[in-house]
Amino acid sequence: MSRMVVDCRRMLCPMPVIKVQNQAVKMAPGEELEAVCTDPGALNDIPAWSRINGHEVLETRTEGAEYIVVIRVGDS
Amino acid sequence: MTQQRKAVALISGGLDSLLAARVVQEQGVHVEGINFYTGFCVEGHTHAIRKKDRAKPKRNNALWVAEQLGMKLHIVDIIEEYKQVLFNPKHGYGANLNPCLDCKIFMVKKAHEWIQENGFDFIITGEVIGQRPMSQRKDTMPVIARDSGATNLLLRPLCARNLPETLPEQEGWVDREQLFDFSGRTRKPQMALAEKFGFDDYAQPAGGCCFLTDAQYSVKLADLWRARGEKSYEMDDIMLLKVGRHLRLSPDFKLIISREEGEGNFMQGYRNQYVSLKTTSHPGPMALVDGVVSEQDLQLAARVLARYSKGKTAESVEVEIRDMDANTRCLKVAPMGPLEIIPEWIL
Ligand code: SF4
């Protein structure tokens, strides 16, 4: 399955969350969305937002100065 | 079975909106949260910048509140629309550049639009009469309800019993008897209610929900508007107002000097949008130039920067000037003496 990637580099929280949220509403349940961020706060905020709104966090990882969060869009 | 009613609660991340939403949830109403991001919110941001703050656990309080309540949270970016609220507040500013009353009206208006689009029945806020001198007064409560267009669909569960009945109460969607009559600046009833619900780790913002209530921040924002000859800003401007020392060296430009490593790293990200300076012969901070500069201005900026470097007592300090296209050159300057820094420069 293809995976959407949103570029949240240089954005400060909560902008990465807003970007992920606005992309997720356009996607179908089960599709995957990857956010590439530079604000480490995203590692907390995107998973918190996902838990609340019924999306599954598949992966969070740090690659150098970048923080990556992958979610699977839920059906709400 | 009667239909389950749906409400949207304005969530700032503070205790009052947490309690207001909870009180209505208790009555069997389906509640979702809405949080507006103006660009000035205290949330996030600074965590990512200053090194000493990085060690602290970071959390977005609005998200935390939603998670405590087991409800969805919709975060709405109102950065662009908010400018008009801040530039021309009909009801004026508070102690600083905070247009609280207009801000509240605007947010409730947006929430009212949102419930219409999403099929929700009413709006909840955590407002308490007398809690805040500008926006939460007995006489401003009806103004917010009226000017936002929400009228009787706006319920304030924490002080509802001091206010006229709203539609949710009239229709029996919520029981007025189980709402509250808090008033005044005291926080005691809120704290008691928090304890009853078992909330203990809630955020307690000092001034308000945003940087506009901060005196120093407001001084810098007012300076920015004065220098530009109009009220305007971009996201980058308002982010940079949160970092560094700002020195207005002339009406045409100001110098932003990092105060520590975290700020320096953050400011590095702006080197393609601003001319930047750093000392090369001695360790020191980095600086961004905001505005239009002549050669003479750069000399001045370099001397000021040298003053804040480890070479402040040296005879001369080398400063690298980098333009937005990454072309660099070096200036050799005498650091300013302590008395040459004019206090009025410092914003
Ligand atoms: S403190 Fe800021 S966000 Fe809160 S009401 Fe006032 S202007 Fe609006």
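## A buried isoleucine

I18(A) counts as buried because its relative accessibility is 2%, and the cut-off for buried is under 20%. The model is predicted. I18(A) sits in helix 1 of chain A, which covers residues 15-24.

Leave aside residues up to four places away in sequence. I18(A) then touches Y37(B), I75(B) and D77(B). Within its own chain, C8(A) is 10 residues away from I18(A) in sequence. In space, the two are 9.9 Å apart, C-alpha to C-alpha.

## Where the chains meet

Chain B gives 26 residues to the contact, and chain A gives 20 residues. Together the two chains bury about 1,800 Å² between them. Of that area, 62% lies on carbon and sulfur atoms.

There is one salt bridge between chain B and chain A. It joins the side chains of R51(A) and E67(B), at 2.4 Å from N to O.

## The chain B side

Four elements of chain B each supply at least two residues of the side that touches chain A: helix 2 (46-49), helix 4 (61-69), strand 3 (73-77) and helix 11 (235-240). Strand 3 of chain B has the largest share, with four residues. By class, this side of chain B has 12 nonpolar, six polar and eight charged residues.

## Around the ligand

The residues around the ligand are Y82(B), P99(B), C100(B), C103(B), C209(B), C210(B) and T213(B). Six residues of this shell are nonpolar and one is polar. The shell has no charged residues.

Definitions and conventions: Residues numbered from 1 in each chain as written. Chains lettered and ligands numbered in written order. Predicted model: local features only at pLDDT ≥ 70, side-chain atom pairs only at ≥ 80, totals over all residues. Heavy atoms only, no water. Near = heavy atom within 4 Å. Nonpolar A, V, L, I, M, F, W, Y, C, P; charged D, E, K, R; others polar. Buried < 20%, exposed > 50% of the residue type's maximum accessible area, 1.4 Å probe, protein only. Contact = heavy atoms within 4.5 Å. Buried area = accessible area lost by both parts, 1.4 Å probe. Salt bridge = Lys/Arg side-chain N within 4 Å of Asp/Glu carboxyl O.
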